[in-house]
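Reader: I would like a close look at one helix pair, with the rest of the fold as background. Please keep it brisk.

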Amino acid sequence: MASDPTTLRLRVAEARELNPLVRLFRLRADDGAALPGFEAGAHIRVRVDLGNGQSDWRHYSLIDFAAGGQQAPAEYLIAVRKEAAGRGGSRFMHERLREGDTIEAEPPKNDFPLHAGAGRAVLLAGGIGITPLASMAAHRRARGLPVELHYAGRSRAQMAFLPELGELLGTDLLLHDDEAKGAPFDVGALLARCDPADQLYVCGPKPMLDAVLAQTQARGWNSDRVHFELFTAPVVEEGDHAFEVELAMSGQRFTVPADQSILDCLIEHGCDPMFDCKRGECGVCAVPVIDGEIDHRDYVLTAREKAAGNVIQICISRAKGQRLVLDL
Ligand code: FES
């Protein structure tokens, strides 16, 4: 284990390409000890080398096809999608991390747990979002609980774990190949087939998640039936611009570039803001705003809180104008 008692030192026991975009890693404790347990939906945070003298953390969901729910596993299994336009974390995992290398990771954490209920677990995966949902499917299957997995990808060649999922789920695995179908996954058709007791779990890219949230709301679904996790870090959107943040307590001012979050900008300048997911899902990075208009992009604040405009999730949301004054 690492000298830092809060982190794990993991050795790469196996690293191999599942397809040109996805690389699989089998990680074991460097000292050979059993690893902390986890449940379906959990992830680990891995320290990645961005290649510019900086490191950062990336979340990777733990994959468990065995039986779902592991108490003291001998290894963790993760799969990483290569993001050509990313900041370098996935390139490190794809191009530089080799079998035998060691990496630092935080113990498993579960922000995306399964919930008890009488209905089915309807799982919707987009791309590499399959990783937590594969573990959930295995967990439900092992306990004889009803589960249905919809797995959408650009093409079959880019989708991972198809043989394992087919063996696990049989006809309860429904694949959607965008290229073959000539259209993206039809969220509305899926929702129309769900029963009121079903729970929906979604992990995929932002457009898929936004479509699910908008359409479940429009159909009057209770929000506690919809569970989700984004698989990508925030991306630069068209029209994103640089702006200034002022920290009211210290008077410090920083320019946040168009391709950087407020959170990363503050960290780069030696500040120590609170954060966890870095994807606008956990709420940890909330900061009161004293002045300036917020471009909200998170999945934490309610519509009313967003309209009030006095709190920002600094890991993902930005300024609509040229300046924000934060109560920091
Ligand atoms: S760090 Fe989780 S919402 Fe910002």
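Predicted model: local features only at pLDDT ≥ 70, side-chain atom pairs only at ≥ 80, totals over all residues.

Is the crossing of α2 and α3 left-handed or right-handed?

Author: The crossing of α2 and α3 is left-handed. Helix α2 covers residues 130-142, and helix α3 covers residues 162-169. Their axes come within 10 Å of each other. The crossing angle is roughly 25°. Angles under 35 degrees count as roughly parallel, so α2 and α3 run roughly parallel to each other.

Now the residues of the contact. From α2 come Ala134, Ala137, Ala138 and Arg141. From α3 come Leu165, Leu168 and Leu169. Sorted by type, six residues of this contact are nonpolar, one is charged and none is polar.

Phe161 sits in the loop between β8 (147-153) and α3. Its phi is near 65°. That is a positive value in a residue other than glycine. Phe161 has 20 other C-beta atoms within 10 Å. A residue is buried at 20 or more, so Phe161 counts as buried.

Lys278 also has a positive phi, near 60°, and is likewise a residue other than glycine. Lys278 lies in the loop between α7 (262-268) and β14. Lys278 has 23 C-beta neighbours inside 10 Å, so Lys278 counts as buried.

Strand β14 spans residues 286-291 and holds Val287. Val287 is buried, with 20 other C-beta atoms within 10 Å. Val287 and Val311 are 24 residues apart in sequence. In space, their C-alpha atoms are 5.5 Å apart. Neighbours within four places in sequence aside, Val287 is in contact with Ile312, Ile314, Leu326, Asp327 and Leu328.

Last, the background. The protein has eight helices and 18 strands. Its radius of gyration is 20 Å, close to the 20 Å that the globule rule gives for 328 residues, so the protein is as compact as a globular protein of that length. Along the principal axes, the C-alpha atoms fill a box of roughly 60 × 50 × 35 Å. Of the 328 residues, 38% count as buried. Take the contacts between residues at least 6 apart in sequence: 66% of these join residues at least 24 apart.

Notes
Residues numbered from 1 in each chain as written. Axes fitted to C-alpha atoms, helices over the stretch in contact; angles between N-to-C directions. Helix = DSSP H or I, 4+ residues; strand = E, 2+ residues; numbered from the N terminus. Parallel < 35°, antiparallel > 145°, perpendicular 65-115°, else oblique. Left-handed = near helix turned anticlockwise from the far one by under 90°. Contact = placed C-beta atoms within 7 Å. Nonpolar A, V, L, I, M, F, W, Y, C, P; charged D, E, K, R; others polar. Rg over C-alpha atoms; globule rule 2.2 N^0.38 Å. Buried ≥ 20, exposed ≤ 12 C-beta atoms within 10 Å, placed from the backbone.
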